[in-house]
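Please keep the sequence and the coordinates open while going through the points.

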Amino acid sequence: MRKRTLMLVGLMALLLGSVNAQRTLEIYITGLTEDTMTWFREVAFPAFEAEHPDVIVDILTGGWGDFDAAVAGWITTGSGPDIVYLGSEYAATFGDLLSDLDPYLADWEELSNFLPAALDVARYDGHMVGLPLLMSPRPMFFRLDISADAGAIPPLTFADSVAFVAANSAVEDNAMTKMGFMDIGGGLFDAQEFIAYIWSAGGELYNADGSSAFDSAATAEALKFMYDRRRAVQPTELTAGLPPISGYPIASGLVASGIFPMWNMPPTSDPLWEQIAIGPYPAGPNGAPLVQVFTDWLSVPAYVQDKELAAEFLKFIGSRENAITLSTVAGFTPVRTDAWSELRANPVWDAMLDAAVNYGRAFSDIRASAELRPLIVEQVSMYLSDQQSLEDTQLFLKEEYDAILEDNGYL
Amino acid sequence: MDPSVAARLHNFYWSLGTVAFIIVGSYLVGRTAQAIAGARGLGVLQRRRVFWGYALASPWLLGFVIFVLGPAVLSLYYSFTDYRLGRSLEWIGLENYRVLLGGIGAQGRRFMQAMYNSGYYALVGVPLQIATALGMALLVARPLRGMAFFRLVFYVPVILAGGPAILLAWRYMLASNGGFVNVTLKRFADAFTPFDWLYRTFIYTVESFNAFFIGVTRADPVGPLMYVLPALLGLGLCLALLAAADAGARRQVAGTAVEVLGALLVVLLVVRAVVGGSFMPHLHERLGTFWQLITLRSSLLEPGSADYLRQGFAQHAASPLWLLALVLLLCALVAFGNLSDRWRRGLLTGSAVAFGLLAVGGFLDGIRYFQAFDAVAAATGTPQHHFALFRQVAAQFPDANRVPLWLSSELWSKPSLVLITMWSSGAGMLIFLAALKGVPRSMYEAASVDGATGWQKFTRITLPMISPAMFYNVVIGLIAALQTFESVYIIQNTQTEQSLASAAYFLFVRTFRQLEIGQGAAASWILAVLIVLLTVAQFRYSRWVHYE
């Protein structure tokens, strides 16, 4: 009996002893390359742990596909990682469920080195709810060596863009053999891109009263442009696409222009870049060309108890040195302008930064984004595939987005 | 105290609490069971056994209550609330069900589309999957050398099917331009002219069917075509009742029809009550539509008006539910009415003629209805969007250069998913194989002696003898089809997301992406009830299953 009691006490002591062990900081990272993960594990975390000997930094990984379910689970149970990696549009979705980091970041002197547009992405209801980590200007890329002479490259107006795409698209035997344009998903339509064209047509997503502006003339122009460009590449909905492309689409010789993230472009050291031009999205008569800028940021969920430690890590990972290294490893642009000077030496990055500076518009303030995306996909797809009129498309987009905004408390 | 240490202590206390809860809970459950046993007059020894039995089983019982029953009850409660994660919860009664079942707003419309898609996977996918499984089982059941290898090969896809890598491989194989499947089919088509015609007919049929299906799921009105299926059902039942061998068989057919149609109508009326629709507005005027169609006249009042065609027709036409009610009434009369043989035959013959004419009239008027849209568009110079995709593909037989657009077009996305499902029919094959092995050889030998052909042996011996396996595969296949999720999740893209989305995919998006727990819970309960009803119906009408 005494032996059993002693064993029980020993076990309890062991458990309680483990309680006083090192603190663990769990970080959930989504959708980054393996090289980037390795850098986090082998370089960044040990460096932070060296500065904080009582802390162990641990990484949780997942894809964007698992992301929503994972975050919903953590929030429901109030238990999960201390830091969560979020995409551009998530501040509005999760803003209520994140920690207000103003007490920890507002007085941080290095914050002034961050691009203001990037900081806006991590702001909710006037408060910092995270710190931008990486930026991805998403310009258009043009293959100069395989493009037919169809005006200036890059084309800066909707009309010129359609003409360029038409001149550089080819269909043989009812199947595409060359695409004058390919969007980020490998097709001819992307919801985020649609929003960019509304902006570049001179429009906005919201009216002054907060209601949806999908009934605007700019939305109509954006839709018409996307339709005309689609038909320039794909004469009918029954035309087969390109053969499967393995590797970078822009390097395949089958795609004359497109919108791709940098991780889907050849390394900047590749000689092919001499034949690639970087340009903004075309614009309507009343708008201006632009480049969408996506910012990934690190947030601290509201359930986290040790917010100060989490904020410490954000400051550490957001340092100038880390920003430069991370951009090289991950292929993204640093969110700190004081980290750009090294990148400027590379002509590709130089052109990317120019595009971001001259044409950049942050992909932020997208309200109820989780519900907006399926709505755009559904309605715009119907219009682009000749199943719905332009007027009906705008009407449904407007009515249903207004209902969503109202339901989500924006109206 | 350091917050991190506090968090660890918090976790430790919770772990300790959980263990304590299990011990105390188990003890209490055991004690309760013991008390009940005592009240029922059991002896000391038996009561002790009852205590230990329940106490030791309690961790699992408590686990079931906490992790299965509890969340299920909670989700039922959430389904009556407006609950978005991170916001306060509000009781809204049947509103979520009203929105979803009524197809109201964007979410209701998408839910109905998802339900239609799930129905497609069940009605098209399951029969094809079962036919494939049976075909494979018949092939590998032959006593030939190396058959064990083929059984393994046919079963491997079951293990691999859901894997992202395999689905990615399918993406390559099903690429419309240069994919293995299309290249192979095209080679055959180029080499053999009859195959080319067969191939193009296949493309035409699949595209037309799916384009029509897409139009229906998007709530494009079908006009008088909506009467064709109920009328054909009535015609089929009348003919079956006329052909019944005796009064018992006739009563059985009619009784089954009354049960099924009655249950269907009750469910539809409950749904309509939840949605808030009216039951019989202007009934006498609306039933006039049937008479017009039976006499092969047009039921269209203003075929030159686009508004009438879009909305007006549905406002004066009778609901097809009334046709189902008439069929139900007829079957009830035959099953339970005290009709003379002459009256019964007369009633059934007359009804068969009426239902046949109604089907023909509905179809012809449906064509007029579709043509009226074209006429209005031509007159006003506006583009035609009613069943636009269907009109586009049905208007022209595919040229020689046309190929299936598999995963890249909404016309082919669902057939692609069905194809991938068929590929992984190995589990069903194993069940059929075991059943085939159980069919006594003596039956085939006796049939051979009697001069039965191979087909007769298959239909009269094999199929009845393996019907329990068939029943099992149908039940499991139907449930799996209605729960289709992973494959949709992986193979969908911007172009095909809507056309592939299943009910399970809808509730995932609504719950985990849009964090609308209330509506997601309602969608899951609708799906659960549907699965239960269909499973119960299958067991209820499993008389075709032959048990030895």
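1. Conventions. This is a predicted model, in which local features need pLDDT of at least 70 and side-chain atom pairs count only at pLDDT 80 or more, while totals for chains, interfaces and linings use all residues. Residues are numbered from 1 along each chain as its sequence is written, and chains are lettered from A and ligands numbered from 1 in the order in which they are written.

2. Domains of chain A. The assignment gives domain 1 (2-136 + 294-362) and domain 2 (138-292 + 368-407); such bounds come from an automatic or database domain assignment. The C-alpha centres of domain 1 and domain 2 of chain A are 32 Å apart. Between them, 18 residues of domain 1 are in contact with 17 residues of domain 2, where contact means that the C-beta atoms of two residues, placed from the backbone, lie within 7 Å. On the domain 1 side, the elements giving two or more residues are α4 (90-94), α13 (347-359) and β14 (360-362) of chain A. Helices (H or I, at least four residues) and strands (E, at least two) are DSSP runs, numbered from the N terminus. The largest share of the domain 1 side, seven residues, comes from α13(A). By class, this side has 10 nonpolar, six polar and two charged residues. Here Ala, Val, Leu, Ile, Met, Phe, Trp, Tyr, Cys and Pro count as nonpolar, Asp, Glu, Lys and Arg as charged, and the others, Gly among them, as polar.

3. Contact between the chains. Chain A contributes 42 residues and chain B 38 residues. On the chain A side, the elements giving two or more residues are α1 (2-19), α3 (64-77), β9 (175-178), α14 (369-384) and α15 (390-407) of chain A. Which element gives the most to this side? It is α14(A), with six residues. The chain A side divides into 19 nonpolar, 12 polar and 11 charged residues.

4. Overall form of chain B. Chain B has 24 helices and two strands, and its C-alpha trace spans about 80 × 70 × 65 Å along its principal axes. Its domains are domain 1 (3-78), domain 2 (95-176 + 407-540) and domain 3 (223-386). The centres of domain 1 and domain 2 of chain B, taken over C-alpha atoms, are separated by 39 Å. Of the 548 residues in chain B, 33% are buried; a residue is buried if 20 or more other C-beta atoms lie within 10 Å of its own, exposed if 12 or fewer, and partly exposed in between, with C-beta atoms placed from the backbone.

5. A helix pair in chain B. Helix α4 (residues 105-140) and helix α23 (residues 503-513) of chain B pack at an angle of about 150 degrees, with their axes 7 Å apart. Axes are lines fitted to C-alpha atoms, for helices over the stretch in contact, and angles run from 0 to 180 degrees between N-to-C directions. From α4(B), the residues involved include B:Phe111 and B:Met115, and those they meet in α23(B) include B:Ala503 and B:Phe506. The contact of α4(B) with α23(B) has six nonpolar, two polar and two charged residues.

6. Helix α10 of chain B. This helix (residues 247-275) has 29 residues and reaches 41 Å from its first C-alpha to its last, close to the 42 Å expected at 1.5 Å a residue; the expected span is 1.5 Å times one less than the number of residues. In α10(B), B:Ala254, B:Ala257, B:Val258 and B:Leu261 are buried. The buried residues of α10(B) pack against α9 (228-243) and α13 (320-336) of chain B. B:Gly276, whose phi is positive, near 100 degrees, follows α10(B).

7. Two single residues. Is A:Asp125 buried or exposed? A:Asp125 counts as exposed because it has 10 C-beta neighbours inside 10 Å. A:Asp125 lies in the loop between β4 (123-124) and β5 (127-128) of chain A. B:Leu436, in helix α17 (residues 426-437) of chain B, is partly exposed because 17 other C-beta atoms lie within 10 Å. Leaving aside neighbours within four places in sequence, B:Leu436 is in contact with B:Ala137, B:Ala141 and B:Ile466.
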